[in-house]
Amino acid sequence: MSENTVAAISSPMGEGGIGVIRISGEDAISVADKCFKAVSGKPLCSLGGYRAAFGNIVLSDGTSLDEAVALVFRAPKSYTGEDVVELSVHGGTEILRQALRRVLECGAMPAGAGEFTKRAFLNGKMPLSKAESVMSLISARGNEALKISRKAAGGSIDRAVNEITDLLKLTAAGIATYSDYPDEELEGAKISDFEKGLLKAEEKLNTLIKNYDTGKLIREGINCVIAGKPNVGKSTLMNLLCGSDRSIVTAVPGTTRDIIENSVNLGDITLNLSDTAGIHATDDVVEAEGVSRAKELLDTAAVILAVFDGSAPLDADDRSLLEDIRTKRAIVIINKTDLEQRLSPKDFCGFECVMLSAKEGKGADNLQSAIKRVCQMDSLSENDAVLINERQLSCVKEAQKYIEEARTALFSGVTVDAVGVCVDGALESLLTLTGERVTNAVCDEIFKHFCVGK
Ligand code: GDP
């Protein structure tokens, strides 16, 4: 048994064209040679890296479990940086289970959660932020989410953080010089230089923090609540966005009594939609409960899609909803544009408005750009790095706190060495983010959240 060689099913469990078992470690190739027999008769150990062989997974009694293709990677040119063999078999749950059992019988250990990516990080194949972006890449549900994950995988986070650490290292060096020659006004070693460097670093950290919230909306989907009085077309809008009859649409007011949820892609973005009970004054106990749940949702939604019937003038229920959402992130939807219009955006001063006909499916395209605008997704530029998890955010926030302290210390009459301590603290936090200073415990904690096989 090789302690160092691990194996796991790396493709999702379910029925598919192929399924993959990945083996990594110094004995990966010899383990694979025990259970895989190539049709050519050549053992895998005779192959170079990036070579494939077609053959069979052979069980201990000599029978064939399934046909397979073995792909050989030689260290360090593999995902993990170790010798790797990937066995592609037919993608069936039982085939994959038995193939993995056979690989383990032949000497590999079961891989832990995220073990392949962890090994890639430990073997210097990728920085920590890139390893983390693998998770985000795999779970991306919309094109925008895929774009930011791909940028992170391409090293955008490390580049952004390195720019900040360079500034801080320069400031730290200046502080050291100033401590030795306080009266000499040397270039880069003046109080005004430290202030400039710290301000610039803080600005960059603030941008990372600001972009995090937008990135989170992109990655996890935007929680949108569809609200409005009964019969304005909320369920019809929900169905239009979902492309199915998920909500019941009838001409009887108050049909949606509870909350109906669905996650959909609207163009580039993912929306987590909730269709609510019509918000209006009612004596019906069941309906009142639905109304109160809908109102609760208004407080937690990232975006409220407030629907109004464009063919009827505003009434007391409409005005009360407008008051409820005035201070929230909301988009007014003037629905039923296929009918004669009694409402226009002028009736909704201060709100982002979209006019559409949910019934005819016309105008919904404008909704995507309106949501992007209210969520300030447009402010995210092509080159902006977006942090992809809470760990990275907390490292950046910690660094920001240290820099704030450093700037306060700079003008509070304490020795400049105290400023240097804060700058070192900020550097430490950022090096933890990129993984240069990460402890084993932190490393284990990060990869624990990966799935087995990644
Ligand atoms: P909800 O109570 O707000 O969920 O409203 P529904 O979606 O159940 O729609 C109520 C009624 O309005 C139904 O008869 C729909 O067919 C109709 N309706 C919804 N959207 C439109 C639209 O854009 N144009 C027209 N003419 N009727 C619509």
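Of the 18 residues around the ligand, which come nearest? They are N231, K234, S235, T236 and D338, where a residue counts as near a molecule if one of its heavy atoms lies within 4 Å of it. Before we go on, please keep in mind that this is a predicted model, in which local features need pLDDT of at least 70 and side-chain atom pairs count only at pLDDT 80 or more, while totals for chains, interfaces and linings use all residues. Residues are numbered from 1 along each chain as its sequence is written, and side-chain values use heavy atoms, with hydrogens and water left out.

Let us stay with the ligand. Some residues make polar contacts with it, meaning pairs of N or O atoms within 3.5 Å. The side chain of D338 places an N or O atom 2.8 Å from a nitrogen atom of the ligand. S235 has a polar side-chain atom 2.9 Å from a ligand oxygen, and G233 uses a polar backbone atom, 3.0 Å from an oxygen atom of the ligand. On its own the ligand has 580 Å² of accessible area, and the protein covers 89% of it; such areas come from the Shrake-Rupley method with a 1.4 Å probe.

What kinds of residue form the shell around the ligand? There are six nonpolar, seven polar and five charged ones. In this grouping, Asp, Glu, Lys and Arg count as charged; Ala, Val, Leu, Ile, Met, Phe, Trp, Tyr, Cys and Pro are nonpolar; and the others, Gly among them, are polar. Helix α8, residues 234-242, supplies the largest share of the shell, three residues. Helices (H or I, at least four residues) and strands (E, at least two) are DSSP runs, numbered from the N terminus.

Now find the open sheet. Its seven strands follow the order β3-β4-β5-β6-β2-β1-β7, with mixed pairing; two strands pair if DSSP finds at least two bridges between them. At the edges are β3 (36-38) and β7 (109-110), each pairing on one side only.

Start walking at β3. This strand runs antiparallel to β4 (residues 51-58), joined by three bridges, and A38 stands opposite G55 in β4.

I18 is partnered with H90 in β6. Lying across β1 (6-9) and β2 is helix α3, residues 115-122, which runs at about 135 degrees to β1. Such angles run from 0 to 180 degrees between N-to-C directions, using axes fitted to C-alpha atoms, for helices over the stretch in contact, where contact means heavy atoms within 4.5 Å.

One last stop is K336, in the loop between β12 (330-335) and β13 (352-355). K336 has a positive phi near 70 degrees, and this residue is not a glycine.

Terms used:
A polar contact is a pair of N or O atoms within 3.5 Å; within protein, one must be able to donate a hydrogen and the other to accept it, and residues adjacent in sequence count only if both atoms are side-chain atoms.
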